[in-house]
Amino acid sequence: MKIAILPGDGIGPEIVAEAVRVLRALELPLEMETAPVGGAAYEAHGHPLPESTLKLAQAADAVLFGAVGDWKYDKLERPLRPEQAILGLRKHLGLFANLRPAICYPQLTHASSLKPELVAGLDILIVRELTGDIYFGQPRGRRTAPDGAFAGAPEAFDTMRYSRPEIERIAHVAFQAARKRGKKVTSVDKANVLETFQFWKDVVTEVHAQYPDVQLEHMYVDNAAMQLVKAPKAFDVIVTGNMFGDILSDEAAMLTGSIGMLPSASLDANNKGLYEPSHGSAPDIAGKGVANPLATILSAAMMLRYSLAQPEAADRIERAVQAVLAAGLRTGDIWSEGTTRVGTREMGDAVVAAITGKTITKS
Ligand code: NAD
């Protein structure tokens with residue numbers, strides 16, 4: 001099993017190093033090769049996604065990605081900015097399905113802005129279509145309005161569109177993911193107003209016929225936004241388009257209160273994927289050894305489950321993370337009174353110790 005390791009910028013190298021140590025502790029036949037990406041790649045090769053990095057990612061079975069970006073690159077022209085590396089990888093690897101779990105660990109319920117009883121034990125998965133919708137639909141642009149009440153005025157426009165195969169493949173990802181979890185899919189649309197999402201709803205309903213063991217419900221996006229803060233535990237898997245998914249996945253992430261804990265996966269049609277924490281490169285704390293590595297470690301667990309068909313190894317990592325939380329170890333972002341503050345490396349050490357069966361001690 002070949003893994004491309006792309007640490008990136010800011011805290012990326014620190015948190016990825018811990019995830020790599022955790023992967024090594026599993027003693028699986030994993031071949032890991034590292035390459036620069038983002039600002040680090042721009043410094044080394046003059047481009048955020050050099051040919052050599054892309055080739056490594058294409059040849060691998062999965063990609064473990066840290067984070068990219070730093071304010072010092074804000075003045076570069078857009079194609080050379082670090083963030084372009086993510087867009088380039090998504091495009092070249094055909095990553096169309098973004099999976100973002102929102103899990104609220106019992107020890108961290110206080111970090112949520114919602115009442116503990118609403119979020120304790122929360123475990124939902126948002127499946128967002130990543131390459132279509134109004135974000136990429138053509139035509140788009142600026143022009144003089146050709147008609148309507150404001151004809152002749154300058155206007156801007158985008159096009160929302162989804163084709164049947166695009167909806168079918170993301171629906172399959174959602175139903176298959178639901179089979180490994182609570183066997184329920186909520187398809188989020190705006191079918192009452194948008195033609196595109198009436199079509200979405202029809203196609204998802206058709207695909208559902210192949211998954212009689214999974215329950216399907218449809219929900220309008222405005223209601224889904226409300227239900228996520230009213231009764232989030234009622235959801236299992238949510239599947240939706242690119243724009244609604246962009247917004248709802250951030251809302252769901254905040255239910256847990258701790259961005260340093262949230263992994264994510266972007267998959268292609270063959271379950272090859274890019275795995276990364278949901279947060280950015282946090283340049284404000286880079287190099288200080290205080291970043292929370294758990295989102296990246298949990299991304300490595302997702303990689304084992306979704307791309308490398310190693311569900312037991314994924315479970316081992318997730319159980320180890322729960323054990324270190326239960327032992328009271330916390331990085332600064334999730335620290336609270338009565339728990340033990342640790343740095344990036346110590347948190348990695350504790351997860352490795354939990355995996356290899358050693359005792360976790362509070363330092
Ligand atoms: P950010 O997620 O990097 O940081 C937001 C806040 O959360 C900061 O205070 C940071 O210290 C904290 N934080 C984030 N991850 C943490 C962790 N693991 N442990 C402890 N604290 C953590 O978002 P930002 O500050 O808006 O963006 C910084 C840079 O990251 C920008 O250049 C942006 O473009 C980039 N970015 C990259 C990605 C990506 O690589 N996928 C995603 C988002 C932002």
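Reader: Before we start, what should I know about the model and its numbering?
Author: Residues are numbered from 1 along each chain as its sequence is written, and side-chain values use heavy atoms, with hydrogens and water left out. This is a predicted model, so local features need pLDDT of at least 70 and side-chain atom pairs count only at pLDDT 80 or more, while totals for chains, interfaces and linings use all residues.

Reader: Why is H10 called roughly antiparallel to H11?
Author: Their axes come within 7 Å and cross at roughly 160°. Axes are lines fitted to C-alpha atoms, for helices over the stretch in contact, and angles run from 0 to 180 degrees between N-to-C directions. Angles under 35 degrees count as roughly parallel, over 145 as roughly antiparallel, 65 to 115 as roughly perpendicular and the rest as oblique. The crossing angle therefore makes H10 roughly antiparallel to H11.

Reader: Which residues of H10 and H11 make the contact?
Author: Contact means heavy atoms within 4.5 Å. On H10 the residues include Leu294, Ile297 and Leu298, and on H11 they include Pro311, Ala313 and Ala314. By class, this contact has twelve nonpolar, no polar and three charged residues. Here Ala, Val, Leu, Ile, Met, Phe, Trp, Tyr, Cys and Pro count as nonpolar, Asp, Glu, Lys and Arg as charged, and the others, Gly among them, as polar.

Reader: What makes H6 oblique to H7?
Author: H6 and H7 pack at an angle of about 50°, with their axes 9 Å apart. That angle makes H6 oblique to H7. Their crossing is right-handed; a crossing has that name if the near helix is turned clockwise from the far one by less than a right angle, and is left-handed if anticlockwise. The residues of this contact divide into nine nonpolar, two polar and three charged.

Reader: How do you know whether H8 and H9 are roughly parallel or roughly antiparallel?
Author: The axes of helix H8 (residues 221–230) and H9 come within 10 Å and cross at roughly 10°. H8 and H9 are therefore roughly parallel to each other. In the contact, Val221 and Ala224 are among the H8 residues, and Phe244 and Leu248 are among those of H9. Helix H9 (residues 242–256) also lies across strands S4, S5, S8 and S10, running at about 160° to S5.

Reader: Which strands stand at the edges of the sheet, and why?
Author: Ten strands form an open sheet in the order S2-S1-S3-S12-S11-S4-S5-S10-S8-S9, with mixed pairing. S2 (31–34) and S9 (215–220) each have a single partner strand, so one side of each is left without a neighbour in the sheet. The twist averages 20° from one strand to the next.

Reader: How do you know that S8 pairs with S9?
Author: Two strands pair if DSSP finds at least two bridges between them. Six bridges join S8 (residues 184–189) to S9, and these strands run parallel. Val185 stands opposite Leu216 in S9.

Reader: Why is the pair of Tyr162 and Trp200 called tilted?
Author: Rings of Phe, Tyr and Trp (its six-membered ring) pair if their centres lie within 6.5 Å; planes under 30 degrees apart count as stacked, over 60 as edge-to-face and the rest as tilted. For Tyr162 and Trp200 the centres are 5.3 Å apart and the planes stand at 55°, so the pair is tilted. The two residues are 38 residues apart, with Trp200 in helix H7 (residues 195–208).

Notes. Helices (H or I, at least four residues) and strands (E, at least two) are DSSP runs, numbered from the N terminus.
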